[in-house]
Amino acid sequence: MGEIKVSPDYNWFRSTVPFKKIIVDDDDSKVWSLYDAGSKNIRCPLIFLPPVSGTADVFFQQILALTGWGYRVIALQYPVYWDHLEFCDGFRKLLDHLQLDKVHLFGASLGGFLAQKFAEYTHKSPRVQSLILCNSFSDTSIFNQTWTANSFWLMPAFMLKKIVLGNFASGPVDPVMADGIDFMVDRLESLGQSELASRLTLNCQNSYVEPHKIRDIPVTIMDVFDQSALSTEAKEEMYKLYPNARRAHLKTGGNFPYLCRSAEVNVYIQIHLLQFHGTRYAAIDPSMVSAEELEVQKIKLHSSSEQEQQ
């Protein structure tokens, strides 16, 4: 077991942040699981969407840090959905249930793809105020598995887990990254056959993002320079799709930087959300934003944009 799983922070998180289960579809078996932390007076929170292997608690370090700074954050775990339209419809119903008109979305890998598809799905009546796309992609064909997407539901759980584990980093990594991988393997083990099969189906089903429908949404693209499941071509495609996006590059972090490089990820999230401070789309409690803090954030923003240009 990795230290991350049994760290005091994780134990504190599990004991203090309420875990909710919500059904919004007519089908009672479709259950959304989520952590909703921070002031409920904030009407435009940041919502985290996990990768294929992830559960809602993989973002525990973001939840603890960001709520400590005054943000409202929600981390989700999806029900079993078999196509993107069905997912988007269910997610819209969940936001309606939570009485959230607009939200910011942080999506990791598959979560990032689903975030883009949801922004596209709601473009005529926008529900997505901004996007942070972490190690994500815009076209499922990059995985070269569109032809097998319709057969995942037939495969036993051990085979599905093997497919997912094939994308995890192999070879030497630093201890914190090793802990992060251990944690994700543990989360993967907690997922049932139908959960995994449906996520892999969504991940590989033939689909792509239509950029003209979401070009006005502020985007930050977060990726890593070391080994991850995302190819260089997939990254380049994202940059082309969002030419005006902010870029948040991490030298290391692998597939799960939110776990093993959480401090850097949390700074980039704050920088992204800074542009909404003082507006009705702020994800932070206004009383938590001091002039000094805003100045510090601006300096961080300036230094990060300088680094991007180097």
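Trainee: Among contacts in the protein chain between residues at least 6 apart in sequence, what share joins residues at least 24 apart?
Mentor: This is a predicted model: local features need pLDDT of at least 70, side-chain atom pairs count only at pLDDT 80 or more, and totals for chains, interfaces and linings use all residues. Numbering starts from 1 along each chain as its sequence is written, and side-chain values use heavy atoms, leaving out hydrogens and water. A contact means heavy atoms within 4.5 Å. Among those contacts, the share joining residues at least 24 apart is 81%.

Trainee: How many helices and strands does the protein chain have?
Mentor: Both are DSSP runs numbered from the N terminus: helices are H or I with at least four residues, strands are E with at least two. The count for the protein chain is twelve helices and eight strands.

Trainee: What percentage of the 310 residues counts as buried?
Mentor: Buried means under 20% relative accessible area, exposed means over 50%, and partly exposed lies in between (1.4 Å probe, protein chains only). Of the 310 residues in the protein chain, the buried share is 54%.

Trainee: Which residues of the largest nonpolar core touch the most other members?
Mentor: A nonpolar core is a set of buried Ala, Val, Leu, Ile, Met, Phe, Trp, Tyr and Cys residues joined through side-chain atoms within 4.5 Å. The largest one has 93 residues, and those touching the most other members are Ile47, Phe91, Phe106, Tyr242 and Tyr258.

Trainee: Is α5 mostly covered or uncovered?
Mentor: Helix α5 runs over residues 110–121. Its buried residues include Leu110, Phe113, Leu114 and Phe118. What covers them includes β3 (46–49), α4 (84–97) and β5 (103–108). Eleven of the twelve residues of α5 are buried, which makes the helix mostly covered.

Trainee: How many salt bridges does the structure hold?
Mentor: A salt bridge needs a side-chain nitrogen of Lys or Arg within 4 Å of a carboxyl oxygen of Asp or Glu. One of them joins Asp186 and Arg187, with closest N and O atoms 3.0 Å apart. Both of these residues are buried. The total is 16.

Trainee: How far apart in sequence are the parts that Glu189 and Lys161 tie together?
Mentor: The two side chains meet in a salt bridge (3.5 Å, N to O). Glu189 is partly exposed at 47% relative accessibility, whereas Lys161 is buried at 14%. Glu189 lies in helix α7 (residues 175–189) and Lys161 in helix α6, so the pair links parts whose separation in sequence is 28 residues.

Trainee: Which residue forms a salt bridge with Lys213?
Mentor: Lys213 is partly exposed, with a relative accessible area of 28%. The closest N and O atoms of the pair are 3.5 Å apart, and the partner is Glu210.

Trainee: Is Leu154 buried or exposed?
Mentor: Leu154 sits in the loop between β6 (128–134) and α6 (157–165). With Trp82 and Trp153, Leu154 forms a nonpolar patch on the surface. At 59% relative accessibility, Leu154 counts as exposed.

Definitions and conventions:
Patches are made of residues with over 30% relative accessible area and no salt bridge: like charges are joined within 9 Å, nonpolar side chains (Val, Leu, Ile, Met, Phe, Trp, Tyr) within 5 Å. Accessible areas come from the Shrake-Rupley method with a 1.4 Å probe; for residues, only the protein chains shown count as cover. The expected span of a helix is 1.5 Å times one less than its number of residues.
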